[in-house]
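Subject: A structure for you to look through

Dear colleague,

I am handing over the structure below, and I would be glad if you opened it and kept it in view while reading the rest of this message.

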Amino acid sequence: EKNCLGVEMESFALFANAIATGKRAACLLTISDSFITHEVTSSEERQNSFTNMMKVALHNLGCKVNAYETEAMQEMLEQSGYEIVPFKEGADIYVINTCTVTNMADRKSRQMLHRAKKLNPEAIVVAAGCYVQAKAESGEIDECIDIVIGNNKKKELIEILEQFRQE
């Protein structure tokens, strides 16, 4: 059965169901020979279509603001085609959102940065947040860190990553 535009109703039902169940879906409409064909793909199917998808693991240390910003960075990465994986699974890129409120927070930030490089010595280690911003200002950046992103640059994560990968 087709609607007035010639689109199969079953395809729309699949698309609506994907949205209703909280699954991300993409809708591709193509116009040819005066009718429209419709194809629905899940986010998983779209991810499998990326041939060079980089795996990214994120870790958050610190306050609720850091937690929110880590979620925002994850969303940016997903929208740009990166695959998010658990930290322990191994990744091509590690993003650690650091904290420096206490000496313990400093220590945990250093540990996570070193753990990331130990899990994959070839990985790009991105240190974001308070701890690395303070250390960068005093010139004390650890050699396991490939990219330092201060608090005011977190929204530019994708551009910074792409620029680093091209160099």
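What follows is an account of what was found, beginning with the whole chain and ending with a single residue.

Please keep in mind that this is a predicted model. The mean pLDDT of the protein is 77, and 69% of its residues reach 70 or more. Over residues 1-51, however, the pLDDT is below 50, although this stretch has 52 contacts in the model beyond near neighbours in sequence. Where pLDDT is low, the predicted coordinates should not be read in detail.

As for the overall layout, the protein contains 6 helices and 7 strands, and from the N terminus on these elements run α-β-β-α-β-α-β-β-α-β-α-β-α. Of the 167 residues in the protein, 35% are buried. If you take the contacts between residues at least 6 apart in sequence, 56% of them join residues at least 24 apart.

Strands of a sheet pair through backbone hydrogen bonds, either parallel or antiparallel.

On one side, 5 bridges join β3 to β5, and here Leu-58 has Val-95 in β5 as its bridge partner. With β6, β5 pairs in the parallel sense over 6 bridges; Ile-93 has Ile-124 in β6 as its bridge partner, and Asn-97 stands opposite Ala-128 in β6. Because 6 of the 6 residues of β5 are buried, this strand is largely enclosed by the rest of the structure. Ile-93, Val-95 and Asn-97 point one way from β5, while Tyr-94, Ile-96 and Thr-98 point the other way, and all are buried.

The buried residues of α4 are Ala-105, Asp-106, Ser-109, Met-112, Leu-113, Ala-116 and Lys-117. They cover an arc of only 135 degrees around the axis, which puts them on the same side of α4. The face turned away from this buried side carries the exposed residues Asn-103 and Lys-118, while what covers the buried residues of α4 includes β3 (55-60), β5 (93-98), β6 (124-129) and α5 (130-138).

In soluble globular proteins, nonpolar side chains tend to be buried together. The largest nonpolar core here has 19 residues, of which Phe-87, Tyr-94, Ile-96 and Leu-113 touch the most other members. At least two residues of this core come from each of β5, α4, β6 and α5, and α4 gives the largest share, 4 residues. Not counting residues up to four places away in sequence, Phe-87 touches Ala-57, Leu-58, His-59, Tyr-94, Ile-96, Met-112, Arg-115, Ala-116 and Leu-119. A second, separate core of 16 residues includes Met-54, Val-126, Ile-147 and Ile-158.

Finally, please look at helix α6 (residues 157-166), whose buried residues are Leu-157, Ile-158 and Leu-161. They cover an arc of only 95 degrees around the axis, which puts them on the same side of α6. Among the elements that cover them are α3 (64-79), β5, β6 and β7, whereas the face of α6 turned away from its buried side carries the exposed residues Glu-159 and Gln-166.

Phe-164 also has its place in helix α6, and it is partly exposed, with a relative accessible area of 29%. Leaving aside its neighbours within four places in sequence, Phe-164 is in contact with Ile-124, Asp-146 and Ile-147. The C-alpha atoms of Phe-164 and Asp-146 are separated by 8.8 Å, with the two residues 18 residues apart along the chain.

With best wishes

Technical notes
Residues numbered from 1 in each chain as written. Predicted model: local features only at pLDDT ≥ 70, side-chain atom pairs only at ≥ 80, totals over all residues. Heavy atoms only, no water. Buried < 20%, exposed > 50% of the residue type's maximum accessible area, 1.4 Å probe, protein only. Arc of directions from axis to C-beta. Contact = heavy atoms within 4.5 Å. Core = buried A, V, L, I, M, F, W, Y, C linked by side-chain atoms within 4.5 Å. pLDDT = per-residue confidence, 0-100. Pairing = 2+ DSSP bridges.
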